[in-house]
Amino acid sequence: MKQVAIILSGCGVFDGAEIHESVLTMLHLERQGARYQCFAPDIEQHHVINHLTGEEQDEQRNVRVEAARIARGDVASLDTLDASAFDALILPGGFGVAKNLSDFAFKGAQSSVLAAVKESCQAFNQLGKPIAYLCIAPALIGHIHPAGTLATIGNDEATAQAVEALGASHVNCGVADIVVDDTHKVISTPAYMLAGSISEASAGIEKAVQKLLEFA
């Protein structure tokens, strides 16, 4: 049975991990016969958004504590992730990727990635193990993988330009499709960068998970 690590970035589309994408990832992994373990950095998230109003709230929350809401309490600290113990890695999207795992939401092409995230992803890459990036998570690909690695965030021109400026090679992609870099075993899909419903997001995520497990 394949063992897959999932890196979460909090809980909630506007300041953490996208919940639908995260749960769909777990569902499709399980349906395709794989086991998973969730991880998250034990850090304060960038800010807290009221998901009812869209307004920023004057409070602090911890990324791992918030991610535990999605993982039903079973989320390990990212600094304990051992790539040699897993067959593959997957990163759901949500603004937490661009605010907590990196500062892509604020700096775009001049962004940087949290060291623990970069080191974890590169460890999988160096061992020849596949990684899937969903939604906005492909914005991290240029930071982590060799220049020219294929990636998609869908078809948003400005975001695609920032992804390319960071070193990845962007490919426009429909919501139900995936982009695969066979050389580096990197998979990406737009998910809620384009999805108008949970079923649309599910279609691409299911394909990404299937390809991830094929590579594994």
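## Lys 207 and Asp 177

At 37% relative accessibility, Lys 207 counts as partly exposed. This is a predicted model. The partner of Lys 207 is Asp 177: their side chains meet in a salt bridge, 3.4 Å from N to O. Lys 207 sits in helix H8 (residues 198–215), while Asp 177 sits in the loop between strand E9 (169–170) and strand E10 (179–181), so the pair ties together parts that are 30 residues apart in sequence. Asp 177 is partly exposed too, with a relative accessible area of 38%.

## A pair within helix H2

Glu 66 forms a salt bridge with Arg 69. Their closest N and O atoms are 3.4 Å apart. Both residues belong to helix H2 (residues 63–70). They are three residues apart, about one turn of the helix.

The two ends of this bridge fall into separate accessibility classes. Glu 66 has 6% relative accessibility and counts as buried, because buried means under 20%. Arg 69 has 59% and counts as exposed, because exposed means over 50%.

## Glu 59 and Arg 61

The side chains of Glu 59 and Arg 61 also meet in a salt bridge, at 2.9 Å from N to O. Glu 59 is partly exposed at 34% relative accessibility. Arg 61 is partly exposed at 27%.

## The network and the total

Salt bridges link Glu 59, Arg 61, Glu 66 and Arg 69 in a network. The structure holds six salt bridges. Among them are Glu 59 with Arg 61, Glu 66 with Arg 69 and Lys 207 with Asp 177.

Key:
Residues are numbered from 1 along each chain as its sequence is written. This is a predicted model: local features need pLDDT of at least 70, side-chain atom pairs count only at pLDDT 80 or more; totals for chains, interfaces and linings use all residues. Side-chain values use heavy atoms; hydrogens and water are left out. A salt bridge is a side-chain nitrogen of Lys or Arg within 4 Å of a carboxyl oxygen of Asp or Glu. Buried means under 20% relative accessible area, exposed over 50%, partly exposed in between (1.4 Å probe, protein chains only). Helices (H or I, at least four residues) and strands (E, at least two) are DSSP runs, numbered from the N terminus.
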